[in-house]
Amino acid sequence: QVQLVESGGGLAQAGGSLRLSCVTSGFTFSTYTMGWFRQAPGKEREFVASINRSGSNTAYADSVKGRFTTSRDNVKNTVYLQMNSLKPEDTAVYYCAASPLGSVVRTLRTEYAYWGQGTQVTVSS
């Protein structure tokens, strides 16, 4: 069955870095666009980053542009989110997701078919 398993979350200080990984199985990873979303307490889940199936195109929310970088390894069926210069407002549960519309980046939750269980990221000031 389809599985997306995030890891790498935890506690970081403001200005620090974390690297999230999402290992996938059960679908043809190399044909899917992958995305990262986050949800803070009391807020809706929001788009963070997306990477198309080949890795040639990426997109980022304005709030993380220049600080976060997403990448993928189509051999390891894994997508990554490198988070630098972390801020307290980055605190949230981070989810990876897979969209079968793989030729371009995708920013809408409704475009994603599969989701991971999430990993908590907490940034202290």
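**Strand partners and aromatic rings**

Mentor: In this predicted model, Y94 stands opposite T119 in β11.
Trainee: Which way do strand β9 and β11 run, and how many bridges join them?
Mentor: They run antiparallel, and 3 bridges join strand β9 (residues 92-99) to β11.
Trainee: And how many bridges join strand β2 to β11?
Mentor: Strand β2 (residues 10-13) is joined to β11 by 4 bridges, and these two run parallel. In that pairing, A12 has V123 of β11 as its bridge partner.
Trainee: Why would they alternate?
Mentor: Because in a regular strand the side chains alternate between the two faces of the sheet.
Trainee: Changing topic, how many aromatic pairs does the structure hold?
Mentor: There are 8 aromatic pairs. One of them is F37 with F47, an edge-to-face pair at 5.8 Å centre to centre, with 75 degrees between the planes. F37 lies in strand β4 (residues 33-39) and F47 in strand β5 (residues 46-51), so the pair ties together parts that are 10 residues apart in sequence.
Trainee: Are F37 and F47 buried or exposed?
Mentor: F37 is buried, because its relative accessibility is 0%. F47 is buried as well, with a relative accessible area of 14%.
Trainee: Which residues form an aromatic cluster?
Mentor: F27, F29, Y32 and Y114 form one aromatic cluster. The charged end of R72 sits over the ring of F29, 4.3 Å from its centre.

Terms used
Residues numbered from 1 in each chain as written. Predicted model: local features only at pLDDT ≥ 70, side-chain atom pairs only at ≥ 80, totals over all residues. Heavy atoms only, no water. Phe/Tyr/Trp six-rings, centres within 6.5 Å; stacked < 30°, edge-to-face > 60°. Buried < 20%, exposed > 50% of the residue type's maximum accessible area, 1.4 Å probe, protein only. Lys NZ or Arg CZ within 6 Å of the ring centre and 35° of its normal. Pairing = 2+ DSSP bridges.
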